[in-house]
Every structure is written in C-alpha cells, then in structure tokens.
Amino acid sequence: MTDNSVVVSTPPHVKSRRTTRSVMLDVIIALLPCAIAGIVFFGWRAFVIEAVAVLACVATEFVYFFILNKGFAKKCKDAGAVCKRWLKQFDFTSIVTGLILALILPSTVAWYEVLIGSMFAIAIVKMLFGGTGKNLVNPASAARVFMAISFAISTYVAANIPALRFESGIFTDATNLAWLFPSEGNPTTKISVLDLFLGTGVAGCIGETCKVTILIGYIYLSVRNVIKWWQPLMFIAIFGFAAVFFSGFGFIATGGYIFDMELFLPHIFSGGVLFGAVFMFPDYVTSPKGVYGQIFYYAVAAILVAALRYLTKLEVTSFVIILMNLFVPLIDKYFIRRPYGYVKAKKPKAEKITPESAAENLIEPVDANASAAPDKEGK
Amino acid sequence: MNKYKKITLDGLIYQNPTFMLVLGTCPTLGLISSAFSSMGMGLTVLVVLTLSNIIISALRKVIPSAVRIPCYIVIIATLVTFARMFLEKFLPDLYDSLGGFLALIVVNCIILGRAEAFANKNGVLESAADGIANGLGFTVALTIMGVICEFLGKGSLFGAQIMEFKIGMLATPAGAFLVYGLCIAVFVYIIDGFERWRRVKANKLARENLLNAKEAA
Amino acid sequence: MTVKQFFKSTAFKCIITLTCVLLVSGIFLTIMNGLLAVSDAERFERAINKIYGKSVKTETVAVANYNDNATIDEAYRVKDDGNYLIKSTGKGGYDNGTVTCWIVVNVSGGAVKGIDKVVIESNKGQSYIDRVSDKALNQFTELYTDGIIYTQDLITNATVKGTKTAICNAVNGALDFVNALLGNVTEDIYAEFDFVEYIETKLTSHEVNEDGSITFHIVTKGLKEPSGFKVDITINADGVVTDYTVTENGSTSNTYVGQMHAGILDGTLFEGKDFAGIEAILDNGISLPSDNSGTEISTGATHSNYLCLYAAAFATKNYDKLIVDDGGNEGGGETDEGGTENE
C-alpha cells in the first residue's frame, strides 16, 4: 500500500486554484467579444470559420490523443476509457487555439483551408512537440503563416492591412491605409482614427477589425491577472514610436524627414498588432519567464514588427510572433531569473583611491593622482 | 549469397541513407518539391556512387591511407563532373532542374561516407552492390517524398497537373523539411513494427524448439 | 634521409599516388569534355527549341523599339514558318519591376495572325510570379483578335496586378515590334493630339454625328491602381461638352468609386463646359470646386479622377482638329473607318 497523503511533485510546490483550464476559460471569455464583433461585421461567413476552426482543433487533438493512447488497439476495446481520459485532461487550449486562429483570418478564406490550418496548428505545431505547454511557437500564428504561404496570397495579405502599398494591385477590397507609409503615388486620404478603432468601413481580419472588443478582452485579462497589464501596453507603445519613426522616411522624397505623431494611433490601430499584443504575445508557453527577458522580448518584437512592416508593406505580426518565439529559449538562457528568495549580494564598493588613502598606504601622492585620473575619465 | 542480401537490405532499409542515417539532406530538402527532379537526383547519385565505390575499392590497396580522403574527393569530383557533362549533353531538362545541386554531389556525405565506411574495406563486387543498394535507397526515399510534396504542394505528379487544390508551403524547402521529418517518423515506425513482429516470431520459434528438445530428452 | 630512403618512404608513395590519380582524372575529363561539350550554338538552339516546342532554324532580326512600355531584347525570325520569336521586357510591374518573356508571334501572309505562345523567361522584383499560371498565359493566344491591345483586365487568373501589367506590356511590345517590321503600323490618328498622356490612343475612336457634334469613345490608360476607364464624350460644334457617360469604370473597388468626385462620375462637372472650363479645373489640379459633393479631388481616387479629367480635356481640346480633318476629307468617312479599324 502506498501512502496517498504524500504528494510527490517537482518544484515549484505552489498550490492554487488556478489551473490551465480556468486560465484558458478566461482567455475564451476575453476572446468572445472579438468573435461576436467578427460575426456582426462579416456575417455568417465569420461564424462558419470560427466554428470550423474550433471544432477542427478540438477534433484533431482528440484524434491525436486517441491514437497515441492506443484507442484503436484491441479492436477499440479501450475506446471508452481513452475517451474518458481525454475528457479528464482536456484543458480548453485547443479551443483557444482554434478561436484565435479563426479571428486572425480574413473572412474570405475557404472553410477547407481553415480545416487544414487548424489541423496543422494542433497536430504539427502543438502535439508533435509534446502537447500543451511544450510547443515551441504559438500554434495559431504558425498556422496563419502556414496558410498565408500555402494558399492564394490575395486573401491573406489583404485583409490584415489592406493596401499598405498603393502600387501593388495584389490586394482585394482595398482601403486606403497606404498613407501610413507616405511615398510618391500613395493616396493621401486618411481614414479617421475612430473608424479604425470601431472597425467601421475598414476591411480586416475577423477578430482584428473592431479594436474596442480587443480592448475589452485586454481589460478582462488584466483584471483577472491572466496577463500582466504592462506587457501589451509596452509592446504597443514601442511599436507605435518605431512605426512612426520608420514611416517618416517616406517623406524624404517629398522633402525632408518628418516624425509625424499623427500617424501613431492609426499605426497601432491597423492590422493585427493590437490583437497579437493582447492575445498572442503574452502566451505563457512561448514567452520568456523573467521580467527583464520579457521587456527585451517585447521591445525587440515591437521594433521588428514596425521595421518589417515598413520594409515589406505586408502584415507581419504573426511572422514576428513565430520568430520571437523561437528566440525565447535563448532569452531565458541569457536573462537569468532571480531564484525565489534570493537576495542579491551587494557589490562591495570599489575602493576609491584618494590621496588620503594613498597616504595611508604610504604611496606617494603623485602616483595616486595619476591612478585616479583615468578613473574619473571612465566616469 | 547471404552477404549480398545483407548489403542490399542494409542499403535499402536498415541503413537507408535518407531515412535512417539522415545523410545528404541538402539535395533532399532542395529538390523534393518536384518528383521528377528528385528522382533524377537519386539516379544520378546512384550512378556516381556505384562508380566511385567500384573505383575506390579497386584502388584500395594502392592508395596510402594518409592521403585517402584527397584521393576519394578527386575521384568523386571527376565522376560528378563527368555526370554533369553527360546530363547537359543528353538530358538538358534534368540538368536544368537540378541546377546547382548537381555539382554539390561532390560533397554529398552519402558518397564519401560509403567510400570511407565500405568501399575501402571490401572487394569490388561487394562495393558495387553496396553502391547500387544505397543509391536505390536514396532514390526511392527521394522519389517517395518528391511525389508527396509535389502532389500536395503543386497538385501535380511528375509535372502533370492533377488537381487545382494545393498547399503551397509543401513545395518550398520549409515544407519539404516537415514532410521529411514526418516521413522519417513513419518509416521508423514501420521498421520498428516489423522488427518487433520478427522478434516475437523468432522467440516463439525458439521456445518451441526448446520444448521439442526437452520432450525429446 | 638519403635519396634512396626518400624513394622508399610513404611520403613519396603518397605524392606519386595523388599525382597519378589527378593525371588520370584530368586526362579522362579532358577527353570527355572534348566529346560531350555543348557548344554555344547548340545551347541557343536548345533554348529556342524549349520555347518553340520543336527544333527550328532561325535568323536574327535587328532590334528596335516601337513601344514605350516594353524593350525588345532579342528577335528572331523562324525560317521554317515565318513566325517571329521575340524576347521582350515589359515595364510597369509590381514595385517598378519588369518581366521578360519569350513571345512567339504567328505571322502568315505578311500579317500578324496571333500569338502562339508566351513563356516567362525572367523577372525583376516580381515575388509572386509563380502565381501566374500557364492558364493565364494561354489567354494571350485565346484572346487574340486583330488589333487587340492586351490590358491586365483581359488576363484573368494571374493574381498580381503589377506583374500582369508587365507581362501585357511585354506582349504588346512584341506585337508592336512585329507589326512595325512587317510595315503594318496602323496609323495613330490621335498621336499628335494634345492631352494624350493618359489616353490609350490606339483604342480610342470617335464618330461625327449629323448635327456636327463629335462623340468620342475614349479609353484611358491604367494608372497604377485604377485600370483604364471607358468614357463617351459628345462635343457639340462650339466645343462644349453636351454628353458625358462613363461606360466602364476602371476603379478597383466600390470603396474607390465612392471616393471619386461625384461630378466626374455622372458628368455634371464637365457638361456645359468647353476646353477653357476644363483647363481651369486641371490648372487648379488639387482643389476642385467642392460644390458638388464636398469631396476634394485629392482623395485616394485621385488617379481615377485624373483619368476622367484628361479624357474630357482630350475631347474638348482636340475636337476642332477632327472637324478640320473631316472638312478636308469628305465628311469623316476616313476617320470613321479608322475608328472601327482601331476598335
């Protein structure tokens, strides 16, 4: 008989009521406003995409689990038990992945493309690497990148930031966001910031169009302490400044560099930056653990998004998410976290060599001055 | 005869250069987006590998071991250059589709690996058999993956368009990497299953033999 | 080490072996090179063969340029059937890039009969060139009718508009070149006119009505985002616009159409104005009288607006030239003919 009163587990030995399931439930609740706004803006198509993505993700996870746990062995004798075990361990992560994936897709995407993308996200990006908590990159953004590369480009590039560049005709249903990157030939009409904020009259991805709902999700997640409130804010602020900085180069052709702060809000309200900052970047599994590491992670990601957007004129948020996710192990390695309860040993102050101390040490004052001089220069 | 059977099985399956030893990944990832070019690559390697194995094994007593690697490289480079000339003259389509990967056969680790691991220790006939087996293993592996990648990534088979639907990423080297990994997984799974089945069967046989022996005693 | 020792040492053996291997390899390769070398002529023939589908004899034709949107790089006349094989580089692609195509122009009886094949040779900066399917390229052959000028609207299925434009330009350039070679240049009656910067002069036509007014069927060029507009403008004898209809709107989407000047769309801005009136609008350029819809002309639909504006300017400025012509040449028979021919 084993003694059941002793639980053996690996550290940290923290007990709390918070489980993966409750956290994921919070995320789902935070995503609901976006999902509903998507259905309001894009109609039944958006609903079909959301439903297909979520169902496909859950089904893929189930099938993978079923096969891995030998549900088919012995002529499906254990099928019932395997199903029960799956229900017990099911933690809503695949629902979140499916929902996020649906929300970062344009409404024009075909349902079978969503199906393939969802299967890719769960089977290849998540389960092959070991399931929940072990994936290297964010499954939803990886699936979006996979779909953008695989299927007709026009439906993908377009919707996130339509017509970032006026000249290229590859965008369908274009709106005039090209003025974010002023250059010759780009239109100068401005979309009002309010329109961008509410998502009225702007084409975009299902969940990224209406920024109000994203903000609601952000506030909910922050209040429930699921994400740290400063992380998305920092990311967006740095991104905004960097984007304004880069788009300033576009003015050079028409006379001089301008740091136009008027572009700040439109930049952060266009495309998937806001959505990514709230729902995808702070993903526990794929972001660094320590605070300094996180600051570094968000700063580099923000600058990368701004720079790549300026250079490629495409929506790059999901690409950058994958890219930065891959750097997380490296960041965790070099930004060493303070172990719990560890007090930083104070560095002994470097002894200043003053004439007095020098005198005490019976060293000639001339030498002391000579050695103190470079010290001052160093400061 | 058993020796040749072992060489063949090793080259084709148990030490398949692509799936088991993961050698020659550069041309694999670069070329399996098209079934035609991957098969052409495989066959070219087959020819070069067989010839180099034969030559090296024939010269194995002559070449001092201190300079064997430079000698091998010179021989392989000569054969590859010859293969390039031959392809450019007689099969220009294949030559175009292989592009830079053709010259890279020189540093393909399969060929140097077989020279170092097999040809300089064995006779000419065995080496030739080994070259053919390994080359065939490489060709078959590349062709299988080429078919998968081309069918899913371009919707065509050996250049003939079959369906409109395609997953474009599988026609890129990144997608090829995914397919490669999955193919290795499936291959190893099948081989493992086969081995297990064989072991169970052998154990059963041994037990029966033991029992029979006991009864006889 | 004595000389004798050296000759027996491993070092000497190594040197000898390496030298022998190198020598044998070198000799073998030299012989093979002599046997298998592919001459430049053969390589060229092979390239031609690949495009043409069968081996043919060709002769080089001197290159000249007849179209601003394309550069003719190489041109060959196929001796067997008289067709022309043109390597043409089309401008105006995505991100100001170019696309170079091989084009087989079918010629028989001294006239262009069609396009047999378009093969993309290379491109500059067209990242999505892979999306141009063979099906899209085949449309050049299918859609050929005499005197056609390919525009990107004709060619469907190639997703990237800029790339499509460049390919169309290359094909048009090749057609122009062959036509010029054969001496079949259709005279461009509008070439000398004013305000033709944005007018597709070869597609535009006009007719003289009984009351002395002239109706232009103007086709404008595409300008970056909007593709060409088709506008019918009637000018009466006094040079005043009496009727203005946009028969085909080249604007890419409803979003842009909505942002165009309403007076330009329905013609109220132009009707009743002569050239001076329209010139005034043009001179003001950016700031139109905003009495009509409150939209200024400097919107995202600027290009569309400008195209229509230029069409109007073209019609009002040039109508008198046609009238003079008609007077001299028996009542416009010739221009009518020219018009239909160009259509």
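These legends describe close-up views of a predicted model.

**View 1. Helices H11 and H13 of chain A pack against each other.** Chain A has 17 helices and zero strands. This view takes one pair of them. H11(A) covers residues 230-247, and H13(A) covers residues 273-280. Their axes lie 9 Å apart, at an angle of about 155 degrees. Angles over 145 degrees count as roughly antiparallel, so H11(A) and H13(A) are roughly antiparallel to each other. Their crossing is right-handed. From H11(A), the contact takes in Pro232(A), Phe235(A), Ile236(A) and Phe239(A). From H13(A), Val273(A), Leu274(A), Ala277(A) and Val278(A) meet them. By class, the contact of H11(A) with H13(A) counts eight nonpolar residues, no polar and no charged ones. For the chain as a whole, 51% of the 379 residues of chain A count as buried. Among contacts in chain A with a separation of 6 or more, 71% link residues 24 or more positions apart.

View 2. Chain B holds eight helices and two strands. Its elements run α-α-α-α-α-α-α-β-β-α from the N terminus. H7(B) spans residues 124-154, and H8(B) spans residues 173-216. The two pack at about 130 degrees, with axes 10 Å apart. H7(B) passes H8(B) in a right-handed crossing. Met145(B), Ile148(B) and Cys149(B) form the H7(B) side of the contact. Ala176(B), Val179(B), Tyr180(B) and Cys183(B) form the H8(B) side. By class, the residues of this contact are seven nonpolar, no polar and no charged. Across chain B, 43% of the 217 residues are buried. Of the contacts in chain B with a separation of 6 or more, 74% join residues 24 or more positions apart.

**View 3. Five strands of chain C form an open sheet.** The strand order is E1-E2-E3-E4-E5, and the pairing is antiparallel. E1(C), residues 58-60, and E5(C), residues 111-124, stand at the edges. Each has a single partner strand, so one side of each is left without a neighbour in the sheet. Neighbouring strands of this sheet are turned by 25 degrees against each other on average, direction ignored. E4(C), residues 98-108, runs antiparallel to E5(C), and 11 bridges join the two.

**View 4. Thr98 of chain C sits in strand E4.** Its bridge partner in E5(C) is Lys124(C). Thr98(C) has 16% relative accessibility and therefore counts as buried; the cut-off for buried is under 20%. Thr98(C) and Thr71(C) are 27 residues apart in sequence. In space, their C-alpha atoms are 10.0 Å apart.

**View 5. Lys87 of chain C is a buried residue of strand E3.** E3(C) comprises residues 84-90. Lys87(C) has a relative accessible area of 14%.

**View 6. Strands E6 and E7 of chain C make a hairpin.** E6(C) covers residues 205-208, and E7(C) covers residues 214-219. The strands run antiparallel and are joined by four bridges. His206(C) stands opposite Phe216(C) in E7(C). Five residues lie between the two strands. In the turn, Gly212(C) has a positive phi of about 90 degrees.

**View 7. Val240 of chain C lies in the loop between strands E8 and E9.** E8(C) is made of residues 230-235, and E9(C) of residues 241-248. Leaving out residues up to four places away in sequence, Val240(C) touches Thr234(C) and Ile235(C), along with Gly272(C), Lys273(C) and Asp274(C). Val240(C) and Ala276(C) are 36 residues apart in sequence. From C-alpha to C-alpha, Val240(C) and Ala276(C) are 9.7 Å apart in space.

Notes: Residues are numbered from 1 along each chain as its sequence is written. Chains are lettered from A and ligands numbered from 1 in the order in which they are written. This is a predicted model: local features need pLDDT of at least 70, side-chain atom pairs count only at pLDDT 80 or more; totals for chains, interfaces and linings use all residues. Side-chain values use heavy atoms; hydrogens and water are left out. Two strands pair if DSSP finds at least two bridges between them. Axes are lines fitted to C-alpha atoms, for helices over the stretch in contact, and angles run from 0 to 180 degrees between N-to-C directions. Angles under 35 degrees count as roughly parallel, over 145 as roughly antiparallel, 65 to 115 as roughly perpendicular and the rest as oblique. A crossing is left-handed if the near helix is turned anticlockwise from the far one by less than a right angle, and right-handed if clockwise. Contact means heavy atoms within 4.5 Å. Ala, Val, Leu, Ile, Met, Phe, Trp, Tyr, Cys and Pro count as nonpolar, Asp, Glu, Lys and Arg as charged, and the others, Gly among them, as polar. Buried means under 20% relative accessible area, exposed over 50%, partly exposed in between (1.4 Å probe, protein chains only).
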